[in-house]
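Please report on the fold of this two-chain model. Cover overall form, packing and contacts between parts.

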Amino acid sequence: MDTAHPDVLRLAGVHKTYRLGTHEVRALQGVDLSLRAGEMLALTGPSGSGKSTLLHIAGLIDRADAGELRLRGQDVTALPEVQATRLRRDAIGFVFQGFNLVPVMTVWDNVDYALFIAGVPVPQRRQRVQAMLDAVGLAAHAGHRPDALSGGQRQRVAIARALVKQPALVIADEPTANLDSHTADQVLDLMREQGRMQGAAFLIATHDDRLLARCDRVLRLLDGCIQGDRQPFLTRSAA
Amino acid sequence: MTRWPWLRFAAANTLRNRRRSAVTVGIAALGTAAILLAGGFALFTYQSLAEAAARTTGHLIVAKPEQFLRDEDVPLQHGLDDAAALQAALRADPRVRQVLPRVEFSGLISNGDKSTVMVAAGIDPDAEFAVKGPFLKITAGRVLASGQQAQVMLGEGLARSLKAAPGSGLTVLASTTEGALNALDVTVVGVFSTGVPDIDQRLVYADIRTAQQLLVTQRVSSLGVFLDRMAATADAQARVQQQWPQLKVQSWVDQAFFYRGVRDLYNRIFGALGLIIGLIVVVVVTNAMAMAVIERTREVGTLRALGTLPGQLVRSFALEGLLLGGVGTALGAGLALAVTLALLVFPVQMPPPPGRSEGYPLQIALDGGLYGFTLLAMVLLAGAASALVARRTVARPVVDALAHV
């Protein structure tokens with residue numbers, strides 16, 4: 001293990017099978033994966049290859065049938081639901097394809113919510129939310145509701161909500177799928193920049209080639225198995 | 001969300017579907033108003049009947065135990081001797097306002113051509129009317145006066161039957177305390193109505209001396225004790241009973257069969273009505289919240305993924321129910337209050353109840369306990385119903401909730 005960049009996430013031999021009536025779908029078949037602090041790892045593969053399942057298990061919102069899951073070195077494979085919820089609250093950020101912002105909350109409240117449920121004191125919350133909104137360039141929209149924002153702005157709010165609690169791991173499911181190319185680039189830059197500043201590890205499911213090119217590593221999944229682990233072209237060139 | 005975050009979140013959520021929330025609040029308001037008005041009407045009826053009952057008999061009725069337990073073979077068989085001394089002793093109690101003697105007997109009353117059965121009460125007219133106020137409606141003539149013997153007042157049905165009017169001469173016949181038959185010529189000074197036709201067909205009021213002269217006795221049937229306030233009844237009853245253990249002291253409630261009957265009936269009717277209305281309100285709130293919860297399943301999944309505990313979300317939904325129920329019941333209470341006050345300004349007369357000849361004004365009692373209990377119950381039920389419907393969705397696996405369309 002690289003001691004300068006310890007593993008934030010480690011999956012070993014993870015299996016997951018869904019049963020649809022009498023039909024069984026093997027979503028994951030012995031997946032091994034490790035993700036270091038500050039690393040941005042992309043999961044790609046065709047629909048049904050197991051990307052979302054892997055994200056759900058890594059994000060502690062679903063359970064593996066077999067295998068081991070460690071987060072920051074802690075075995076969280078069979079963590080009780082309440083403890084898993086607390087761990088998500090404190091250590092994991094989520095960025096969804098459809099943004100999933102709360103429509104009745106303002107931009108400020110959506111970002112603040114992540115800190116509020118974690119019990120962060122109000123003065124710290126104010127400071128961190130303000131800093132995060134400044135960082136994603138939405139301070140001027142703090143009082144707006146999500147429906148008053150563009151798609152790119154909404155995804156920036158979602159990124160701010162995920163990063164404001166300074167998580168160890170950010171799970172992002174097709175974060176650029178609903179964005180035009182220019183906006184997608186901005187969102188990617190933002191994720192990279194903020195992720196690096198905070199040392200957060202990113203696990204991203206995507207079909208977006210530009211996003212794949214900017215990640216540190218790309219894992220290709222097929223039928224629930226990892227088919228390849230490579231450094232994308234852009235990252236290799238930069239190195 | 002720095003101040004009252006959950007409350008603000010719940011309040012914002014209630015405004016997502018304004019029309020649905022408005023309907024829910026409206027039904028909660030109408031239901032609450034209906035319960036408060038029906039309950040207030042029942043309470044006003046109880047108060048009125050209680051006051052009427054206590055005014056008729058006195059707050060306490062003091063007599064020999066046999067007077068309450070057995071029928072008499074001859075008039076005043078179980079009557080009180082030396083009632084004047086007992087009356088004076090009872091008046092010494094600081095809570096006692098007046099003590100009224102009463103002689104109850106039955107007999108015949110005749111105009112010479114026609115005789116009919118009467119139920120008579122010998123009273124101390126001056127004290128009786130002073131204490132009770134205008135408890136009888138005088139339809140002809142005047143009220144009796146103390147010390148004027150051989151004078152009577154007749155119920156209007158009886159007066160009509162005997163073709164009697166003020167100034168008419170009649171003869172009353174009754175058994176004496178010795179069992180002999182005695183007759184007395186009397187003059188009618190007034191005709192009254194109690195509002196109950198069956199009673200007005202039979203009832204005769206006479207001065208107590210006239211009654212005792214007819215029955216050839218100094219006894220009285222009972223003493224009616226009038227207190228300075230209703231609430232003092234139980235304590236005074238215990239005190240008087242302890243002081244005169246050989247006598248039996250009943251409260252007005254024991255004698256108020258009509259009051260008890262109406263209260264039991266109304267408690268059942270209005271209790272069932274309240275339950276039904278409460279149930280309707282709970283069902284409406286539950287339905288509204290169930291729709292809200294289903295619509296927000298995906299959001300529930302998001303909030304759970306972000307680390308919100310299930311209990312926090314259930315409480316948030318319960319708070320929404322509390323707010324809808326709270327606003328609805330507050331509006332309902334306001335509506336009930338407005339109707340109650342409007343009835344004082346614009347009186348509405350109710351038709352006579354069965355067995356009565358006179359109607360009564362429709363009034364609604366304003367009772368803090370009724371308002372407090374109803375509002376609290378409605379709000380808590382709304383909150384509990386909301387929590388109940390939210391529990392299932394909140395407990396769904398996060399992945400399923402996120403995939404909800």
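The model is a predicted one.

**Helix 8 of chain B**

This helix covers residues 208-215. Six of its eight residues are buried, so helix 8 of chain B is largely enclosed by the rest of the structure. The buried set is Ile208(B), Thr210(B), Ala211(B), Gln212(B), Leu214(B) and Leu215(B).

**Chain B as a whole**

Chain B holds 15 helices and twelve strands. Its radius of gyration is 31 Å, well over the 22 Å that the globule rule gives for 405 residues, so chain B is more spread out than a compact globule. Along the principal axes, the C-alpha atoms of chain B fill a box of roughly 100 × 45 × 35 Å. Of the 405 residues in chain B, 40% are buried. Among contacts in chain B with a separation of 6 or more, 81% join residues 24 or more positions apart.

Chain B is divided into two domains: domain 1 (5-52 + 259-403) and domain 2 (65-246). Their centres, taken over C-alpha atoms, are separated by 50 Å. Contact between them involves five residues of domain 1 of chain B and six residues of domain 2 of chain B. On the domain 1 side, the touching residues are one nonpolar, two polar and two charged.

**Helix 5 of chain A**

Helix 5 of chain A runs over residues 151-163. At 1.5 Å a residue, its 13 residues should span 18 Å, and the end C-alpha atoms are 18 Å apart, which agrees. Eleven of the 13 residues are buried, so helix 5 of chain A is largely enclosed by the rest of the structure. The buried residues include Gln153(A), Arg154(A), Gln155(A), Arg156(A) and Arg161(A). Val157(A), Ala158(A), Ile159(A), Ala160(A), Ala162(A) and Leu163(A) are buried as well. Their cover includes helix 3 (107-116), helix 4 (122-135) and helix 6 (181-198) of chain A. Strand 6 (92-95) and strand 7 (169-173) of chain A also contribute to it.

**Nonpolar cores**

The largest nonpolar core has 123 residues, and Leu169(A), Leu203(A) and Ile204(A) touch the most other members. Helix 14 (residues 368-394) of chain B gives the largest share of this core, eleven residues. Apart from it lies another core, of 50 residues, with Ala63(B), Val186(B), Leu214(B) and Leu215(B) among them. Leaving aside neighbours within four places in sequence, Leu203(A) is in contact with Leu9(A), Leu35(A), Leu41(A), Leu43(A), Leu55(A), Ala58(A), Leu169(A) and Ile171(A).

**Where the chains meet**

Contact between the chains involves 21 residues of chain A and 17 residues of chain B. On the side of chain A that touches chain B, helix 2 (81-91) and helix 3 of chain A are the elements that give two or more residues. The table lists the classes on that side.

| Class, side of chain A that touches chain B | Count |
|---|---|
| Nonpolar | eleven residues |
| Polar | four residues |

Definitions and conventions. Residues are numbered from 1 along each chain as its sequence is written. Chains are lettered from A and ligands numbered from 1 in the order in which they are written. This is a predicted model: local features need pLDDT of at least 70, side-chain atom pairs count only at pLDDT 80 or more; totals for chains, interfaces and linings use all residues. A residue is buried if 20 or more other C-beta atoms lie within 10 Å of its own, exposed if 12 or fewer, and partly exposed in between; C-beta atoms are placed from the backbone. Helices (H or I, at least four residues) and strands (E, at least two) are DSSP runs, numbered from the N terminus. A nonpolar core is a set of buried Ala, Val, Leu, Ile, Met, Phe, Trp, Tyr and Cys residues joined through C-beta atoms within 7 Å. Two residues are in contact if their C-beta atoms, placed from the backbone, lie within 7 Å. The expected span of a helix is 1.5 Å times one less than its number of residues. Ala, Val, Leu, Ile, Met, Phe, Trp, Tyr, Cys and Pro count as nonpolar, Asp, Glu, Lys and Arg as charged, and the others, Gly among them, as polar. The radius of gyration is taken over C-alpha atoms; the globule rule is 2.2 Å times the number of residues to the power 0.38. Domain bounds come from an automatic or database domain assignment.
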